[in-house]
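Here is a short briefing for a reader who is meeting this structure for the first time. Please look over the sequence and the model before reading the points below.

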Amino acid sequence: MSILQTKQPYDVTIIGAGASGAALLYTLATYTNIENIALVEKYSKPGQVNSKATNNSQTLHVGDIETNYSLEKVKDVHPASMMVAHYAHMLPESERNMFLFPTTKMVLAVGAHEVAILEKRYADLKPLFPDLQKLDRAGIASVEPAVVEGRDASVPLLALYTTTGYAVDFEKLAMSLINNAVKNNTNIDTFFEHNVVKIVKNKTGYKLIMKDGTDIETKILVVDADSYSLLLAQQLGYGKEFSLIPIAGSFYFSKQVLNGKVYTVQEPKLPFAAVHGDPDVNVPGQTRWGPTARFHPVLEARNFSTMKDFFKSSGLARGKTWLSFFIILLDPIRFKYLLENMLYELPYIGTRMFIKNVRKIVPTITAHDVTMAKGYGGMRLQRVNTNTKEMLLGEGKIIGDNAIFNMTPSPGASVCLFNAMRDAETIVGFMGGLTHFDSINMRKDLYMKEVISTDISIQHSYVS
Ligand SMILES: Cc1cc2nc3c(=O)[nH]c(=O)nc-3n(C[C@H](O)[C@H](O)[C@H](O)COP(=O)(O)OP(=O)(O)OC[C@H]3O[C@@H](n4cnc5c(N)ncnc54)[C@H](O)[C@@H]3O)c2cc1C
């Protein structure tokens, strides 16, 4: 049984309508002459999994407050992430204001060791971010008074601060990208509520078989399904050496105590675990705290039916997967962190344990001031290479035969348009001379404005 027999096979089919799939659809529709494109999504609307506004921290990560990024990474991430802001600024104000929110951002150093890290970082970053300010205690108190109130005056304090940051509702960004893609190419077909359960290779390319028995044929396949991308790749024999460590991130709310985003200096071995405070773009008058970092064996937050798919894609039947997990998770720093984070889920004492992370930012806050943000939080599936026994932070990409599989934990949403630009180049390569990608105009519109690095080779990846 087939949907829309007449248009098949599609030239390109994208699985997943989060920020990544939506950005690729927009890129192909706007900057290539590929006519016949399909987007397949299992939920009824875009951005319902990790791109959902409730499921991530809504930060456009450009590298100024992310102390775990090397300087080289900052140079790459900055222009890549700013593509989202540039895209937004091409739109009418009313549409832009739906998903892009200017905000202040700060990274806070507490104690002499962290202060020394930030001093050095400021010197390195200032040429790249001329707006970045270095604030002492009094400067911090003038912009974020709650960070200084009640704090031991003998503890050294320093912050890097900018007034030119952005918060993004990535769910609404995905919607905007898809709407504009469909406007730019009226030949696009979008299939919502179509869950791809199996992919088989055939002589024209790939056949995607849906849960309801329908199917779609495509010459080129791009899987932008984040946590599900590895499972779908493995069905076709790719990425068998990878497993996934499933890190759930949950949040808490307090009344509004911060004016903008306040991050802390990160632990390099667990960069996804440093708690920060953010205004939630959809919840005025409150501050959102988190995320926590808890081992939780599912592929989608709050969806226990995805547990069996986690076990399918994790390769736990193989001894070397277990060995890799032991080596990675028994590292003393990670083990302590993950154990503590599991305890945060316990009633009563959990919040009391978690609050010490928040007190690093706002010393006077108490466990009574915060409540668990029910229904908030997402999953960061960290890839593990079971051959090298390493955890691979940041994005992952597998390029197969006319197929691309993207695994996109943080900051995948921030760099979605950059990743789409790279994938468009690969797709054009797959199609030989049959199609054209106007990458020059895409770069002019969205990328070239802060050109620092122009290398967009797929070997580049980001540390989250
Ligand atoms: C706690 C937390 C905080 C984060 N904070 C930030 C942040 O501040 N800034 C940032 O840039 N990033 C952040 N991230 C990361 C960010 O959320 C992801 O990088 C981003 O949302 C990934 O987008 P995506 O489109 O690749 O995946 P998703 O948004 O997860 O979309 C994948 C889509 O594929 C669909 N799909 C999956 N399988 C199938 C199938 N078989 N058939 C059909 N459809 C399918 C899903 O339904 C979904 O819509 C955070 C993540 C977490 C968990």
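**Strand pairing and buried positions**

In this predicted model, strand β10, which covers residues 242-249, pairs with β15 in the antiparallel sense over two bridges. The points below follow that pairing into its sheet, then turn to a hairpin and to a loop residue.

**The four-stranded sheet**
- β10 and β15 belong to an open sheet of four strands, whose order is β15-β10-β17-β18 and whose pairing is antiparallel.
- The edges of this sheet are formed by β15 (294-295) and β18 (390-392), each of which pairs on one side only.

**The β13-β14 hairpin**
- Strands β13 and β14 make a hairpin with two residues between them, and five bridges join β13 to β14 (residues 283-290) in an antiparallel arrangement.
- Aspartate 280 is placed opposite valine 283 of β14.
- Because five of the five residues of β13 (residues 276-280) are buried, this strand is largely enclosed by the rest of the structure.
- From β13, His276, Asp278 and Asp280 point one way, while Gly277 and Pro279 point the other way, and all are buried.

**Valine 62 in its loop**
- Valine 62 lies in the loop between β2 (37-40) and α2 (71-89), and it counts as buried because 28 other C-beta atoms lie within 10 Å, where 20 or more are required.
- Leaving aside residues up to four places away in sequence, valine 62 touches Val77, His78, Ser81 and Met82.
- Valine 62 and methionine 82 are 20 residues apart in sequence, and their C-alpha atoms are 7.0 Å apart in space.

Notes: Residues are numbered from 1 along each chain as its sequence is written. This is a predicted model: local features need pLDDT of at least 70, side-chain atom pairs count only at pLDDT 80 or more; totals for chains, interfaces and linings use all residues. Two strands pair if DSSP finds at least two bridges between them. A residue is buried if 20 or more other C-beta atoms lie within 10 Å of its own, exposed if 12 or fewer, and partly exposed in between; C-beta atoms are placed from the backbone. Two residues are in contact if their C-beta atoms, placed from the backbone, lie within 7 Å.
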